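Colleague: Can we go through the strands in this one? I have the sequence and coordinates open.

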Amino acid sequence: MGAARVKMLDGGAFTSPAGFWRKGEDMERHVRFPVPVYLIEVGEERILVDTGLNPSAAADAAGHYEGADSIGFFQLEQELPLVDQVDLDSLTGVILTHLHFDHAGGLALLPDSLPIYVQRREWEAGLDADAVARNFFLPRDYEGVEDWVVLVDGDHDLFGDGSIKLLFTPGHTPGHQSVRVGERLVIGADVTHFAAGLDDHRLPIFGDDLDVQLASAERLRALRDAGADVRPGHDPDVLVPGPVLVD
Ligand SMILES: [Zn+2]
C-alpha cells in the first residue's frame, strides 16, 4: 500500500432544527452543519468521497428540487465552490457514502464516465419509489449517471491493496457505506452525525432503520477504540476543511 493523503474540502453547509439530528435536542434551536467532502490521494488515484451540495440547490433549493417538500427543512449555503478546491478533471473516481442531497448533490459537477462507487442496496433504493420517499432521496441528484455507476456489495477492498476499503454500514440509509483509508482513518459519514454519537447513541430522529444504524455505529466505535480516527458526518466541532491524514 502506498502512502495516502486525505484532505477535507468544504462541501457547503445546511442549517436545520437541532432536534432532527440528535435525539433529545431542541426543535426550536437551529444549527449550522458543515458538509464535508474528502479527497483521497494514494498512488495514481485521486478519489473524492461524496460531492457536497449541488451549487444551484445551494442558491435556490426550492427551485432546484421543484416539488420536493423535504428540502424546505434545510437552509443551504455554499460559500466556496467545489471547483475552486479541487481539479475535478484530475479525479479518478468518486465514492458515494449514500444518496442524500448533501452527499450526491455535486455529482452533476463531475466529468462524465468518472467511476462512481456506490453500494448496490443504496442504488436500488434510489430507484425505488417507496424507498425514495422513505429516505428523502432527491432523484435529481443522481439522474443521468447510471452508465458509470460501479455497484459494490458489502465490504470491499477498492483497489485490492488495502489502501481504501469500503465498509458496509447501513441504517441511516439502506446501503450507506463508510470509507477506511489505511489503518488509521475511517470516514464514517452519516453513521453518526456527531462524534459523540458513537458513545451516546443519540442518532437523528429519522433513518431507514435505526437499529441497524446503531449496529453500524457499534462497528465504527470498535474501530475507533482500536485506534482509528473515525470522522462523523456533520459535527460542527470536528469537521474543519484541511488536511486529515498525511501518511
Ligand atoms: Zn449527510
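**Strand pairing**

Modeller: Start with Y117, which stands opposite V150 in β7. Keep in mind that the model is predicted.

Colleague: How many bridges join β6 to β7, and in which sense do the strands run?

Modeller: Four, and β6 (residues 116-119) runs parallel to β7, residues 149-152.

Colleague: What about β5 and β6, parallel or antiparallel?

Modeller: Parallel, over two bridges, with β5 covering residues 93-95. V94 has I116 in β6 as its bridge partner.

Colleague: Are the faces of β6 covered or open?

Modeller: Both faces are covered. I116 and V118 lie on one side, Y117 and Q119 on the other, and all four are buried.

Colleague: Switching to β1. How many of its residues are buried?

Modeller: Eleven of the 14 in β1, which spans residues 4-17, so "buried" here means under 20% relative accessible area.

Colleague: How many bridges does β1 have with β2?

Modeller: Twelve, in the antiparallel sense, with β2 at residues 30-42.

Colleague: Where does β13 come in, and how many bridges join it to β1?

Modeller: β13 is residues 242-246, and four bridges join β1 to it, with the two strands running antiparallel. R5 stands opposite V246 there.

How values were computed: Residues are numbered from 1 along each chain as its sequence is written. This is a predicted model: local features need pLDDT of at least 70, side-chain atom pairs count only at pLDDT 80 or more; totals for chains, interfaces and linings use all residues. Side-chain values use heavy atoms; hydrogens and water are left out. Buried means under 20% relative accessible area, exposed over 50%, partly exposed in between (1.4 Å probe, protein chains only). Two strands pair if DSSP finds at least two bridges between them.
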